[in-house]
Amino acid sequence: MDLRLQHVNVCSDDMGELHRFYSEVLGLPMSPLPPMIDHEGHDEDESQREGAWRQNVAFFEAGDGGRDQLQIHASRRQAYLGPRMGHSINPLLTGHFAFRTDNIAEVREHLTKNNVPFADYGEWAVKGWDQIFLTDPAGNVIEIHQLMD
């Protein structure tokens with residue numbers, strides 16, 4: 001399996017506090033959001049949708065601009081996301097770290113073969129990302145995703 005660290009997600013109930021810390025204190029530049037999926041069914045235009053997403057998430061550059069730009073994703077905590085989505089793993093409760101792969105099918109097969117349960121979110125928040133979430137034996141949440149394009 002080819003896994004490359006791609007981002008670390010941190011969660012808080014106060015997005016302003018996270019934004020100030022990562023942008024002003026650490027000086028990380030904010031990245032534009034990739035195309036996001038609207039789960040609320042709004043008919044608003046792209047700029048309104050991005051504004052709504054910006055209230056709940058921010059991406060910050062944290063790497064050297066290489067093949068898989070390392071990022072920090074700051075997200076508003078969503079305590080009931082897992083159950084609402086029909087999954088046992090909630091990636092937006094305490095945060096998670098994420099690996100990118102070029103073969104998510106191989107990862108799914110490998111995890112299944114090793115009896116590691118995972119939540120298959122598919123294309124869930126970011127358009128073009130096929131995502132699964134699992135926990136390590138200590139309960140830390142891990143995302144593994146593949147770019148679908």
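I began with Asp 120, which at 37% relative accessibility counts as partly exposed (the class between buried, under 20% relative accessible area, and exposed, over 50%, with a 1.4 Å probe and protein chains only). The model I am reading is predicted, so to speak of local features I need pLDDT of at least 70, and side-chain atom pairs count only at pLDDT 80 or more, while totals for chains, interfaces and linings use all residues. Residues are numbered from 1 along each chain as its sequence is written, and side-chain values use heavy atoms, with hydrogens and water left out.

I next looked up salt bridges, taken as a side-chain nitrogen of Lys or Arg within 4 Å of a carboxyl oxygen of Asp or Glu, and by this rule I count five.

Asp 120 meets Arg 108 in one of them, at 2.9 Å from N to O. I note that this pair links distant parts of the chain, with Arg 108 in helix H4 and Asp 120 in strand E6 (residues 119-123), 12 residues apart; helices (H or I, at least four residues) and strands (E, at least two) are DSSP runs numbered from the N terminus. Arg 108 is buried, at 16% relative accessibility.

I then turned to Arg 4, which is buried at 16% and forms a salt bridge with Asp 102, their closest N and O atoms being 3.2 Å apart. Arg 4 lies in strand E1 (residues 4-12) and Asp 102 in the loop between strand E5 (96-100) and helix H4 (104-113), so the pair ties together parts 98 residues apart in sequence. Asp 102 is partly exposed, at 49%.

Arg 4 also meets Asp 2 in a salt bridge of 2.5 Å, N to O, and Asp 2 is partly exposed, at 36%.
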